[in-house]
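Please look at the sequence and the model below before reading on.

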Amino acid sequence: MKWILNNVSTITDATWAHLWLALPAIVLSFVVAIPVAWFASRFRRSRFTLLLVAGLIYAIPSLPLFIVLPLILGTSVRSLINVVAALGLYGVALMVRYAADALDAVSTDALLAATAMGYGPLRRFVGVQLPLAGPALLAGLRVVAVSTVSLVPVSALLGVNSLGMLLTDGFQRGILAEVASGIGATVVVAVAVDLGLVGLGRLLMPWERAAARRDARRTTVEDKQVVAA
Amino acid sequence: MNFLLAAWQWLADPVNASGPSGWGARTVEHLWYTAVATVIACLIGIPLGYAVGHAHRFRTFIVSSTGAARALPTLGVVTLFGLLLGIGLAAPMLAFVLLALPSVLAGAYAGVEGAPRDAVDAARAMGMTEWQILFRVEAPLGMPLLLGGIRSATLQVLATATLAAYVGAGGLGRILFLGLKTQNYAMMVASSLVVVGLAIAVDLAFEIVDRLVKRSFPKGVGAAV
């Protein structure tokens, strides 16, 4: 406890550094995964291969990826671009599956209706399919966000600043409170990012809340009818 | 590309490949850790998951424990146990099992819990005991999901075993950290590539087993996915 009070600024700095690595990676995952998922859902034959490749990428342990990726990117191991790219790669690999499922789950009737109304392929995707897949996409992105935040600390082994530094520094110097606060702060950041995404989802998809409220009302009415019967 | 060549030369050099700390022995050690930790996690996770899944209870507990495990930084668990238990194999092993357990538990639980009610009711109507229902109806139906859980648990341990060298364990991480400390990029890349190859090989092996299981249990829960 004393260690935490004496090192508040270290923890805050590390938290910001942590967010600066995690947030761009999460955004990158989403932006890259959507077109890939669209491709997988549009061209059924590519789906199996794309998901298999995504699965294999996700199977790669993070520390080796941080070391091998610079060979392809041409950056240094400790560069922030390298860390964000590696985190983003995992995010994409995880997100593609969720996003392909989310896009597939959109009702064909809605898509056909949009086509009948004269929507072109792009306008139909952006205006109809994407919003309807929204809730499922958000659910996937929340998983991606939490696992990205908890993956960042590994980069501290290469000397990149984040909450992971509290783990390595605490271990080297034998300060249990530092390691514990590193774990605690990472979990807090993960929960905060998750809640932020939920809030963002409510802002972007206000119709979901209205639908949920309507459903809840309908269930209570039905329940009353059941009880009355 | 130069580094890739250097890494290849490092791997091909018999001095680096053989002996108790060569990459051959370290690979075996790495796989050994992974197998032991996964088996322990299965011994705890499968009975627990089956019991909870068969009883159809504590759903929130299982879901939230797997969710919380995802938020936990693996490096944090490894360093925390390293500090508490000291240098040696006990600390990393405990961390591996702890990190593998949620996936196994969730897989065992979801498979049994998701078995179609009709099938379970039919089995009960036929006079099967609860044990028979669990092992002859629910467990076979849940096999694909259980396997999925064991698969992600194994990959999780394989990845974490690389980090465990940081707190004094063996395995391929040993070579990786030696390369990091001595700024030997060829060594770092070489050992990283071996880990990457190992992970992909294990994942593909699970993919094959998964196909076989889905063929033997075509009506299994989640088999259509």
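## A residue in the core

Apart from neighbours within four places in sequence, B:Ala100 is in contact with B:Ala37, B:Thr38, B:Ala41, B:Ala153, B:Gln156 and B:Val157. Two residues are in contact if their C-beta atoms, placed from the backbone, lie within 7 Å. B:Ala100 is also among the residues that touch the most other members of the largest nonpolar core, which has 132 residues. The others named with B:Ala100 are A:Met95, A:Val96, A:Ala99, B:Phe96 and B:Val104.

A nonpolar core is a set of buried Ala, Val, Leu, Ile, Met, Phe, Trp, Tyr and Cys residues joined through C-beta atoms within 7 Å. A residue is buried if 20 or more other C-beta atoms lie within 10 Å of its own, exposed if 12 or fewer, and partly exposed in between, with C-beta atoms placed from the backbone.

## Model and numbering

The model is predicted: local features need pLDDT of at least 70, side-chain atom pairs count only at pLDDT 80 or more, and totals for chains, interfaces and linings use all residues. Residues are numbered from 1 along each chain as its sequence is written, while chains are lettered from A and ligands numbered from 1 in the order in which they are written.

## Chain B as a whole

Chain B has 10 helices and 0 strands. Helices (H or I, at least four residues) and strands (E, at least two) are DSSP runs, numbered from the N terminus. Along its principal axes, the C-alpha trace of chain B spans about 65 × 40 × 25 Å. Of the 225 residues in chain B, 47% are buried. Among contacts in chain B with a separation of 6 or more, 74% join residues 24 or more positions apart.

## Where the chains touch

In chain B, 29 residues are in contact with 31 residues of chain A. The elements of chain B that give two or more residues to this side are α1 (2-12), α4 (59-71), α5 (74-85), α8 (130-164) and α10 (185-216). The most come from α10(B), with 9 residues. By class, the side of chain B that touches chain A has 22 nonpolar, 5 polar and 2 charged residues. Here Ala, Val, Leu, Ile, Met, Phe, Trp, Tyr, Cys and Pro count as nonpolar, Asp, Glu, Lys and Arg as charged, and the others, Gly among them, as polar.

The buried residues of α10(B) include B:Met187, B:Val194, B:Leu198 and B:Phe206. The buried residues of this helix pack against α3 (44-59) and α4 (62-73) of chain A, and against α1, α3 (23-55), α8 and α9 (172-181) of chain B.

## Two helices of chain A

How do α2(A) and α3(A) pack, and at what angle? Helix α2(A), residues 8-42, and α3(A) pack at an angle of about 140°, with their axes 6 Å apart. Axes are lines fitted to C-alpha atoms, for helices over the stretch in contact, and angles run from 0 to 180 degrees between N-to-C directions. The two helices are therefore oblique to each other (angles under 35 degrees count as roughly parallel, over 145 as roughly antiparallel, 65 to 115 as roughly perpendicular and the rest as oblique). A:Val36, A:Phe39 and A:Ala40 in α2(A) meet A:Ser46, A:Arg47, A:Leu50 and A:Leu51 in α3(A).

## Two loop residues

B:His56 lies in the loop between α3 and α4 of chain B, and its phi is near 55°, a positive value in a residue other than glycine. B:His56 counts as exposed because it has 11 C-beta neighbours inside 10 Å. B:Gln183 lies in the loop between α9 and α10 of chain B, with phi near 55°. B:Gln183 has 8 C-beta neighbours inside 10 Å, so it counts as exposed.
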